[in-house]
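I am opening a notebook page for this structure. My plan is to look up a few things and write down each one.

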Amino acid sequence: MKHLREYKHPLLILLLFETVAVTLWLAKDNIFYLLNFSYIGFSIALGIFLFIKRYEYARRIVQLLVGLYMLVYLGLICRENMQIEGFWYYLFSGVFEAATIHYAVAKIFGPLVFGRGWCGYACWTAMVLDFLPFKVPERPRRRIGWIRYVTFVLSLVFVSGLFFSRAENLENIIFWAFIAGNIFYYAVGIVLAYLFRDNRAFCKYICPVTVFLKPMSYYSLLRVTCDREKCISCGKCRKICPMDVDVTDNSRSRKNGTECILCMECVRNCPKKAL
Ligand code: SF4
Ligand code: SF4
Ligand code: SF4
């Protein structure tokens, strides 16, 4: 019973993903969904288990397991564009497959439960950016977050343009857009990280997916909260946070609250175990 309580979070995540896996398998009559969501659920549950066991690289392991699977297997081998252009493409085609399901689960409705867990544990862009040396931002945040709306609109205009112009070989164009888009994201992400001395600069200012992620994660069930009785206001959690979240404020409107990627660095580093 004690073990069950201790490991309730990985078990709950496993259960949540298995429910999605079985539901989609039966609804779509396609065993791929069972294998796909079981693998992702198992990887995340393993990460949480390792975190409970205080293994330092728990999050990074999940990021590599899920990120590489999505980028290499689903993206390059199965030729599924899981980027935002892929989402628009399948949405406009009226197909509830691949990227539309992925967006619905990980980036639109999922964040109501697990916030921006996608950004901390699964995104293949951040999987690479997190290897860079600026894990803790060295400079204050800039007021250029509006760029994300520009990239969001550009992705929409790009795919709408393809549909309106009745471009041929759409599948092929969308696949190559996935390759080009990823190269572009990695290049911009790495340059910005060095320029702003912040690994997550791309996530903070450029990523179009945050237009979905931020408002949905505002209502997230899963969030880090602070026990004000234990907190000594040392400021360590704010200093160490890669996303500049004021985690000592428990309100939903806390500073940069919708930026939390649930990396748990604040929890691990709080000297009073107040988080
Ligand atoms: S903000 Fe965008 S690039 Fe960054 S982790 Fe989230 S989805 Fe990936
Ligand atoms: S690190 Fe812990 S004790 Fe220090 S301010 Fe943050 S929550 Fe409070
Ligand atoms: S350090 Fe804490 S507040 Fe900051 S992103 Fe990670 S979990 Fe969220």
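This is a predicted model: local features need pLDDT of at least 70, side-chain atom pairs count only at pLDDT 80 or more; totals for chains, interfaces and linings use all residues.

How do the residues of the shell around ligand 2 divide into nonpolar, polar and charged? I looked, and found 9 nonpolar, 3 polar and 2 charged.

**Entry: ligand 2**

I listed what lies around ligand 2. There are 14 residues in its surroundings. The closest are Cys231, Cys234, Lys236, Cys237 and Cys270.

**Entry: ligand 3**

I moved on to ligand 3. Here I found 13 residues around the ligand. Cys241, Val245, Cys260, Cys263 and Cys266 come nearest. I sorted the shell by class. It has 12 nonpolar residues, no polar ones and 1 charged.

**Entry: ligand 1**

Which residues surround ligand 1? I wrote them down: Cys119, Cys123, Thr125, Ala126, Phe202, Cys203, Cys207, Val209 and Thr210. By class I get 7 nonpolar, 2 polar and no charged residues. I then checked which helices take part. Helix α9 (124–129) supplies at least two residues of this shell, and so does α12 (201–205).

**Entry: the whole chain**

I stepped back to the chain. I counted 15 helices and 0 strands. The C-alpha atoms fill a box of roughly 60 × 45 × 30 Å along the principal axes. I compared the radius of gyration with the rule for a globule. A compact globule of 275 residues would have a value near 19 Å, and the chain has 19 Å, which agrees. Of the 275 residues, 39% count as buried. I also looked at contacts between residues at least 6 apart in sequence. Of these, 67% join residues at least 24 apart.

I asked what covers them.

**Entry: helix α3 and what follows**

Next I took α3. This helix has 22 residues and reaches 32 Å from its first C-alpha to its last. That is close to the 32 Å expected at 1.5 Å a residue. I noted its buried residues, among them Tyr33, Phe37, Ile40, Ile44, Ile48 and Phe51. Asn36 and Ser43 are also on the buried list. What do the buried residues of α3 pack against? I found α2 (8–28), α4 and α8.

Just after α3 I stopped at arginine 54, which takes a positive phi of about 65 degrees. Arginine 54 is not a glycine. Most residues other than glycine have a negative phi. Arginine 54 lies in the loop between α3 (31–52) and α4 (58–77). It has 8 C-beta neighbours inside 10 Å, and 12 or fewer means exposed, so arginine 54 counts as exposed.

**Entry: another arginine**

I found a positive phi at arginine 166 too, about 50 degrees, and this residue is not a glycine. Where is arginine 166 found? I located it in the loop between α10 (147–164) and α11. Arginine 166 counts as exposed, because it has 7 C-beta neighbours inside 10 Å.

**Entry: asparagine 182**

I went into helix α11, residues 170–196, where asparagine 182 has its place.

**Entry: aspartate 244**

My last stop was aspartate 244, in the loop between α14 (236–240) and α15 (265–269). This residue counts as partly exposed, because it has 17 C-beta neighbours inside 10 Å. I left aside its neighbours within four places in sequence. Aspartate 244 is then in contact with Pro137, Arg141, Asn256 and Glu259. Aspartate 244 and proline 140 are 104 residues apart in sequence, yet 8.4 Å apart in space, C-alpha to C-alpha.

Methods: Residues are numbered from 1 along each chain as its sequence is written. Chains are lettered from A and ligands numbered from 1 in the order in which they are written. A residue is near a molecule or strand if its C-beta atom, placed from the backbone, lies within 6 Å of it. Ala, Val, Leu, Ile, Met, Phe, Trp, Tyr, Cys and Pro count as nonpolar, Asp, Glu, Lys and Arg as charged, and the others, Gly among them, as polar. Helices (H or I, at least four residues) and strands (E, at least two) are DSSP runs, numbered from the N terminus. The radius of gyration is taken over C-alpha atoms; the globule rule is 2.2 Å times the number of residues to the power 0.38. A residue is buried if 20 or more other C-beta atoms lie within 10 Å of its own, exposed if 12 or fewer, and partly exposed in between; C-beta atoms are placed from the backbone. Two residues are in contact if their C-beta atoms, placed from the backbone, lie within 7 Å. The expected span of a helix is 1.5 Å times one less than its number of residues.
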